[in-house]
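Here is a walk through a fold, taken helix by helix and sheet by sheet. Keep the viewer open while you read.

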Amino acid sequence: MTQEALIEQLAAIVGADKVRTDDDSLQTFGTDWTKIYDPKPSAIVFPKTTEQVRDIVLLANKHALALVPSGGRTGLSAGAVAANGEIVVAFDYMNQISDFNAVDRTVKCGAGVITEQLQTFAEEQELFYPVDFASSGSSQLGGNISTNAGGIKVIRWGMTRDWVAGLTVVTGTGEVLNLNKDLLKNNTGYDLRQLFIGGEGTLGFITEATMRLTRAPKNLNVLVLGVPELDDIMKVLHQFQAAMDLTAFEFFSDKALQKVLARGDVPAPFESSTDYYALIEFEALTETELDTAMTLFEQCLENGWVADGVISQSETQAANLWRLREDISETISEWTPYKNDISVVVSKVPPFLRDIDDIVTREYPDFEIIWFGHIGDGNLHLNILKPDELAKEEFFQRCNKVSQWVFETVEKYQGSVSAEHGVGMTKKPYLQYSRSAAELAYMKAVKAVFDPNNVMNPGKLIDL
Ligand SMILES: O=C(O)CC[C@@H](O)C(=O)O
Ligand SMILES: [Zn+2]
């Protein structure tokens, strides 16, 4: 099909004003935050309804076109990159929130609803949508669900998967499915909803989701502790978790902190510095929780695990302490980092981290290495920063070589090569370190059932 005919056919489905081919739009909507691949889509289309998405998918099947879904484009694994002339299906206009049900504590959201929009809506109902991350202001629910996004509160409230009551999807054959009917209990066989959560748009596109809401936490307190030894962070976690429920347990290195502080937006947590820091958040419904936290802090000091610490005295201070952790990713993006988002079960974190740290410090003596992440979930973010003088291609080539050893260690510890960022294109070559050959064969077979003509986000997650 000629480009002209393609635009005409797309315009017939969504209207001429909802198809864009100008260079600016192609560059913007053709990529995500990965910065590795150059965007090269052939058109951007903005459907407004599930039926329009279905018609786009049918058109793609008829003419062997490739479709890439696009949400807030905050992904870090190139899951929403169109680098091969694909048509980008952008969900920005499908951003309605409707059908709030106070009894069921559910609400219907278009795929293009922004995470923060749902969080604010929940607050207005005196409820809470707990999945949260630094990109909440721009990430969209369709993308969150397609990557099963995690974030900073997983230790208490779980991943996006845990909040999806029902889904409307358009499969790769153009079938519209309403999955799970928002039921809490539904044991009628295979839960197809779960295949689309974390499916990265490779089986079909999510157009609507019913999301669950919950009670809002009260009086959240934030504690930042300076921890000289990496291993001791896990001892601190264990000590706190044995005595109280935490809403977050994060960590970051001094190198990460120094980068954030250098921007001058937030003050240092305290005067002394240690190699690592733990950020702990907990709900204090009464004074008792605060007293418990203070006692635990003192015990950690006495045990020599912690050298210094601060507890938030106001919401502003709590927000500033959070920024020390939450601003890291955006701050270091200036160095075109090579990203790893790896996980193991929590009990294996200390030896796993030591092994990986040995590999990267040995193999990258001239590179800056930044550790941070959701250590309470066993999820570590390892970012290698590109030296200014090194070309992007050479830098990524050197990183790819070391990746193999990193992922062999992930495999040895039975961990995951992608904890919460998804697979996309960047982690696809390494999937076999986390998934067995038999699993991969089943995944391929599932892809073939839902998308036999390989029109849905081809080249991502798994190849047909
Ligand atoms: O940039 C990263 O490596 C992690 C981004 C995000 O998952 C975070 O936890 O801040
Ligand atoms: Zn993260």
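Which hand does the crossing of helix 13 and helix 14 have? The crossing of this pair is right-handed, where right-handed means that the near helix is turned clockwise from the far one by less than a right angle, and left-handed means anticlockwise.

Before going on, some ground rules. This is a predicted model, in which local features need pLDDT of at least 70 and side-chain atom pairs count only at pLDDT 80 or more, while totals for chains, interfaces and linings use all residues. Residues are numbered from 1 along each chain as its sequence is written, and chains are lettered from A and ligands numbered from 1 in the order in which they are written. Helices (H or I, at least four residues) and strands (E, at least two) are DSSP runs, numbered from the N terminus.

**Helix pairs**

Two packed helices are described by the angle between their axes and the distance between the axes. Axes are lines fitted to C-alpha atoms, for helices over the stretch in contact, and angles run from 0 to 180 degrees between N-to-C directions.

| Pair | Angle | Axis distance |
|---|---|---|
| Helix 1 (residues 3-14) and helix 3 (residues 50-63) | about 155° | 9 Å |
| Helix 8 (residues 230-243) and helix 10 (residues 287-302) | about 150° | 10 Å |
| Helix 13 (residues 349-363) and helix 14 (residues 392-412) | roughly 170° | within 10 Å |

Helix 13 and helix 14 are therefore roughly antiparallel; angles under 35 degrees count as roughly parallel, over 145 as roughly antiparallel, 65 to 115 as roughly perpendicular and the rest as oblique. On the helix 13 side, the contact uses Phe352, Asp355, Ile356, Ile359, Val360 and Glu363, and helix 14 brings Val402, Trp405, Val406 and Thr409. A contact here means that the C-beta atoms of two residues, placed from the backbone, lie within 7 Å. Sorted by class, this contact has seven nonpolar, one polar and two charged residues. For those classes, Ala, Val, Leu, Ile, Met, Phe, Trp, Tyr, Cys and Pro count as nonpolar, Asp, Glu, Lys and Arg as charged, and the others, Gly among them, as polar.

Helix 8 and helix 10 also cross right-handed. Val236, Gln239, Phe240 and Ala243 of helix 8 meet Thr292, Leu296, Gln299 and Cys300 of helix 10. That contact has five nonpolar, three polar and no charged residues.

Helix 1 passes helix 3 in a right-handed crossing too. Gln9, Ile13 and Val14 of helix 1 touch Gln52, Asp55, Ile56 and Leu59 of helix 3. The tally there is four nonpolar, two polar and one charged.

Strands of a sheet pair through backbone hydrogen bonds, either parallel or antiparallel. One open sheet has four strands in the order 1-2-4-3, with mixed pairing; two strands pair if DSSP finds at least two bridges between them. Strand 1 (19-20) and strand 3 (67-70) sit at the edges with a single partner strand each, so one side of each has no neighbour in the sheet. Strand 2 (residues 43-45) runs parallel to strand 4 (residues 87-90), joined by three bridges, and Val45 stands opposite Val89 in strand 4. Helix 1 lies across strand 1 and strand 2, at about 5° to strand 2. Helix 3 packs on this sheet as well, touching strand 2, strand 3 and strand 4, and its direction makes about 155° with that of strand 3.

Inside it, strand 6 (residues 106-110) and strand 9 (residues 204-212) run antiparallel, joined by five bridges, with Cys109 opposite Ala209 in strand 9.

Strand 5 and strand 6 pair antiparallel over three bridges, with Ser98 opposite Lys108 in strand 6. Their hairpin has four residues between the strands, and Arg105 in it takes a positive phi near 55°.

**The ligand**
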